[in-house]
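Reader: I would like to learn how to read a structure like this one. Could you walk me through it, from the whole chain down to a single residue?

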Amino acid sequence: MTPIFKGTTAMLVGITILSVDALLIRLIEASGWTLLFWRGLLSALIIASFMMATRPAQTISALKKPSKALLVGSFAFSISTVCFVLSIDHTQVASTLIIINISPLISALLAFLFLKERVDSRTLIAIVAAMVGVGFVFYGKAMPTASFGNLMALITAFMLATYFVILRKSKSANAPLYLVLGGLCTSTISLFAGAEPFSLTPQEWKYTLLLCGVVVPISFVLISIGPKYLPAAHANLFMLLEAILGPLFVWAALGEVPSNNVLVGGGIVLLTLVVFTLSAAKKHRASNKKPS
């Protein structure tokens, strides 16, 4: 299995699992801070337990003397998580997911500035086209607090881009630990912000355990593997898929119909992803074709 195929497979599977994230957040009626507390804590405990069972010495060593990259990346992941949940609470799910897809452009800029990682023309064109789709979302006011929700989505995009670039720089070394420290940071922030951890109803506990104990840790562990094999902007571009799948799950389960502006923006994003994927595949076949 080639490195590109490994990275692509990890990103696709991880993002497909993550796409039910927004639906589960909507099904949990507890406050956003309460959800964030369990999202951070449960994910951190599950991933930490797995790492201690499989790589105890390496895990303990990394935690005793955490690198600067690990600390900054964990903080960026934590803030992206907080802002994502706040965005979902204040605007349409589709708006949040589409706006977040500005993060590949940010990743490309950060990777160029700090990693000297150049972006090929196909990726750059795809990123710019996705930004056009994001632009349509800002014209819709589907909810009274949509502006605040859109702002939170933008901050999420920036922090996700930072997280991907740091993973790329470190070659995803100890990638799960970013999620552990980031999760603990998220739960701590949530407690100070007013989380009420034991206020969940029995039904909310089921959704919370599914989200925080299964969906989040599995999806982000897979997504964290991608930048080990793919350039930061390329890996982050796969996040476009969530902007399509996420709203579909919410639409099917809750009947939340996206606004016309969101549909137009989503259509542009989807078309961008399809064209970019086909173009990249064609280029890959051409480069591997042996001369006769």
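Author: Happy to! Keep in mind that this is a predicted model.

Reader: What share of the contacts comes from residues 24 or more positions apart?

Author: Counting contacts in the chain with a separation of 6 or more, 89% are between residues 24 or more positions apart.

Reader: Now a helix, please. Which residues of α7 are buried?

Author: The general idea is that an α-helix has 3.6 residues a turn, so residues three or four places apart point the same way. Helix α7 covers residues 103-115, and its buried residues are S103, P104, L105, I106, S107, A108, L110 and A111. Look just past the end of α7 too: K116 has a positive phi of about 55°.

Reader: And a single residue? Why does S190 count as buried?

Author: Compare its relative accessibility with the cut-off: buried means under 20%. S190 counts as buried because its relative accessibility is 0%. This serine sits in helix α10, which runs over residues 175-193.

Reader: Which residues does S190 touch, leaving out those up to four places away in sequence?

Author: With those set aside, S190 touches W33, L36, F37 and A195.

Notes. Residues are numbered from 1 along each chain as its sequence is written. This is a predicted model: local features need pLDDT of at least 70, side-chain atom pairs count only at pLDDT 80 or more; totals for chains, interfaces and linings use all residues. Side-chain values use heavy atoms; hydrogens and water are left out. Helices (H or I, at least four residues) and strands (E, at least two) are DSSP runs, numbered from the N terminus. Buried means under 20% relative accessible area, exposed over 50%, partly exposed in between (1.4 Å probe, protein chains only). Contact means heavy atoms within 4.5 Å.
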